[in-house]
Structure formats: structure tokens, C-alpha cells
Amino acid sequence: MTRPSTPTAAWQPGMPGSDNLPSGPGGRPTPPSGDGHGPHAGAPTVTIGSYPDYPSAQRVVDYLADNRFPVERTSIVGTDLTLVETVMGRLSTGRAALLGAGTGAWFGLFIGLLFGIFTAGNWLAVILVGLVIGAIWGAVFGAVAHAMSGGQRDFTSASSLRAAQYAVTVDAELADRAQQMLSRMHLTPTGATAR
């Protein structure tokens, strides 16, 4: 005869008794440490400036590094991220085959170089054969892959992430020192706020 199981409350931080935790394949687990909300985020940080582009934020960190500031305690944080997909052109089966041939040629060249190293005879011929075979197979695979897509993606593109602003943050205990150093630099941030 089996007894009906009674539901038990899930373990929460501060509750006594890891006895309520069932044993698993690795043995009896231990209750999580801390407050149960995951790992700590680290030291509190302060934003010492926000900049409209990445090179400006990079220039700030580079300036701090040149002046012996401990830059391992700084971060560049991009905010308001946007995914931008730039369309490069139309993709036909012929163009897909051409792109595939280029990729295959590089791979064939690599394989040809590997075999060419260990060839006692004409190593240049081995490299050229690898390049040609790679280009042919790359063209075939590129054309077949494009034909199988059924016209769902007849263009080539490049994706990139862009941020509206780049904030430079430092550990809170170093914020005053960093801002004093930046006051001597001739680059004006768009704002400085505590985070």
C-alpha cells in the first residue's frame, strides 16, 4: 500500500533544515549560500561619463591607462542597443556559387598546405589541386544551399550591434580619482551619473 505524498514547501533562504531537500544522483545537496538570488554582481560602480560613440569612450579608458589608473576596474557599457543588418546586395544562385567557391578555395588551400608539407614530390601541385577542389566543392555547396532556401533570403547582409551611448564606469571607490583625471582631459562627456 502506498501512502499519498504530501506537498512540501520549496526551500527558501532563511528556512531551517536542508533535510527537506531530496537527495539526487550526486548525494544530498546543500542549501544555496547567500540570499538565494544568485551570484553577487560585484563591487558597486559609478558612471564617470557617457559618450555618443565607442571611440570617445575608448579614448577615455586609454587616457586613464596612460596615467597609471587601474583600468582593470573600469568598464565600457553600451546602452540602448540596436541590431543593424546592412544589406550588401542581391544574392542569386550564381553569386551564391561564387561566394561558396571563395570560401571553398580558402579551405582547399589550407588542406593543400597541410598535405604539401608532408609531400616529398611536387608540393606546389598538391597545394594547387587542394585549392581547385576546394573551390569546386564550395561552389557546388553554395549553389545547392541557395537553391534549397527556396528564395527565402535572396540577399547578403552583415549584422552589427550599435549602442546609442557608451558609458564608462569605474568601481565606486575609484570614481573621485577617475573624475579628477578626466577633468584634465579635453573630452566632454554627455553626463555623469551614479549607477
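Visitor: How do strand E2 and E3 pair, and over how many bridges?
Guide: In this predicted model, strand E2 (residues 74-90) and E3 are antiparallel partners, with 15 bridges between them. Within this part, Leu83 sits opposite Leu161 in E3.

Visitor: And how many bridges join E1 to E3?
Guide: Six, and E1 and E3 also run antiparallel. Ser50 is across from Ala167 in E3.

Visitor: Switching to helices: which residues of H4 are buried?
Guide: In helix H4 (residues 175-183) they are Ala175, Ala178, Met181 and Leu182. They span an arc of only 130° around the axis, which places them on the same side of H4.

Visitor: Why would residues three or four places apart point the same way?
Guide: Because an α-helix has 3.6 residues a turn.

Visitor: What does the face of H4 turned away from the buried side carry?
Guide: Exposed residues: Asp176, Gln180 and Ser183.

Visitor: And what covers the buried residues of H4?
Guide: The cover includes strand E1 (45-51), helix H1 (54-66) and strand E3 (155-171).

Visitor: New topic: how many aromatic pairs does the structure hold?
Guide: Two. One of them is Tyr54 with Tyr166: the ring centres are 5.7 Å apart and the planes lie at 75°, so this pair is edge-to-face. Tyr54 belongs to helix H1 and Tyr166 to strand E3, so the pair ties together parts 112 residues apart in sequence.

Visitor: Is Tyr166 buried or exposed?
Guide: Tyr166 is buried, at a relative accessible area of 15%.

Visitor: What does Tyr54 count as?
Guide: Tyr54 counts as partly exposed, at 39% relative accessibility.

Definitions and conventions: Residues numbered from 1 in each chain as written. Predicted model: local features only at pLDDT ≥ 70, side-chain atom pairs only at ≥ 80, totals over all residues. Heavy atoms only, no water. Buried < 20%, exposed > 50% of the residue type's maximum accessible area, 1.4 Å probe, protein only. Helix = DSSP H or I, 4+ residues; strand = E, 2+ residues; numbered from the N terminus. Arc of directions from axis to C-beta. Contact = heavy atoms within 4.5 Å. Phe/Tyr/Trp six-rings, centres within 6.5 Å; stacked < 30°, edge-to-face > 60°. Pairing = 2+ DSSP bridges.
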